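Thank you all for coming; I would like to take a few minutes to walk through one model with you. Please have a look at the sequence and the structure first, and then we will go through some details together.

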Amino acid sequence: MKTLPLLTAMLLAALATGCGQTKSTEPGTPPEPVAGDPRAVAAKRISQVLAERRAKVDGDVGRITKAVESARDAKAFADVKAVQSLQADAAAAVAAVNELHERLLELDRELRHAKNSYAAAAQAFRDRAEDYPDSSLKATCLDWARHYDDLARVVPYERGRIAEFQQALPTTLDLCRQTKRLLDDYVLFLTTYHDATVPTAEVERYQAALKEYVQKFSAFEQAASSYRGAKP
């Protein structure tokens, strides 16, 4: 969902100023009244944690995608070193799927806590709005409260996308394992072939089998795009 990065930027901007005050002389440091409210501090920290979790999820998806793209684009299929590189990518993909499962669980857990934290931060700014007799300053604080309300509002949507993405992982893990096994066996075939050169027909047969199998990863790619909020 494209609103998440925007809302995060708005959140950090809000924390960097404070109700009815000028910006701090030190960039990124909230003014004392905001820094002193544990509800706002907690919301900022959990936003940082979520960003870290999302980055790790993206890294795992990238490793899986790299293995798929490498197998699709493989050309030097008679070159043992080239095939061993594909083999290493496939092994990395197996590990990445397992790690992705755990990271999505961690991200979902933090999101569950984040919803309450954002709601509390929104209430903090509503409370602070009552400190101002000036209606324009009060309105500023209430605007910032709405930013936190928006962050809390989108949490269930992200959690829903995580749940859907998790459903694609068991099949993806099996595909990665089978791909690695095929490459393992093909490396064994290449390195133990009884003649000096493997016949072109044999090379093409294994290559065709791999590329046909790799097409099954399209379901994972669609699930990853859906999780990221993009069109598959």
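Is A163 buried, partly exposed or exposed? Before I answer, a word on the source: this is a predicted model, in which local features need pLDDT of at least 70 and side-chain atom pairs count only at pLDDT 80 or more, while totals for chains, interfaces and linings use all residues. Residues are numbered from 1 along each chain as its sequence is written, and side-chain values use heavy atoms, with hydrogens and water left out.

Now to the answer: A163 has a relative accessibility of 43% and therefore counts as partly exposed, where buried means under 20% relative accessible area, exposed means over 50%, and partly exposed is what lies in between, with a 1.4 Å probe and protein chains only.

D89, by contrast, is buried, because its relative accessible area is 12%. It belongs to helix 4, residues 80-129, and, leaving aside residues up to four places away in sequence, D89 touches K66, A67 and S70, contact meaning heavy atoms within 4.5 Å.

Stepping back to the whole chain, there are seven helices and zero strands, these being DSSP runs numbered from the N terminus, with H or I over at least four residues for helices and E over at least two for strands. Of the 232 residues, 40% are buried, and among contacts between residues at least 6 apart in sequence, 78% join residues at least 24 apart.

Let me turn to one helix pair. Helix 3 (residues 38-73) packs against helix 7 (residues 218-227) at an angle of about 150°, with the axes 11 Å apart; axes are lines fitted to C-alpha atoms, for helices over the stretch in contact, and angles run from 0 to 180 degrees between N-to-C directions. That makes the two helices roughly antiparallel, a label that applies to angles over 145 degrees, whereas under 35 is roughly parallel, 65 to 115 roughly perpendicular and the rest oblique. The residues making this contact include V57, V61 and I64 of helix 3 and F220, A224 and Y227 of helix 7.

Finally, ring pairs link Y186, F189, Y193 and Y206 into a cluster, a pair being rings of Phe, Tyr and Trp (its six-membered ring) with centres within 6.5 Å, stacked if the planes are under 30 degrees apart, edge-to-face if over 60 and tilted otherwise.
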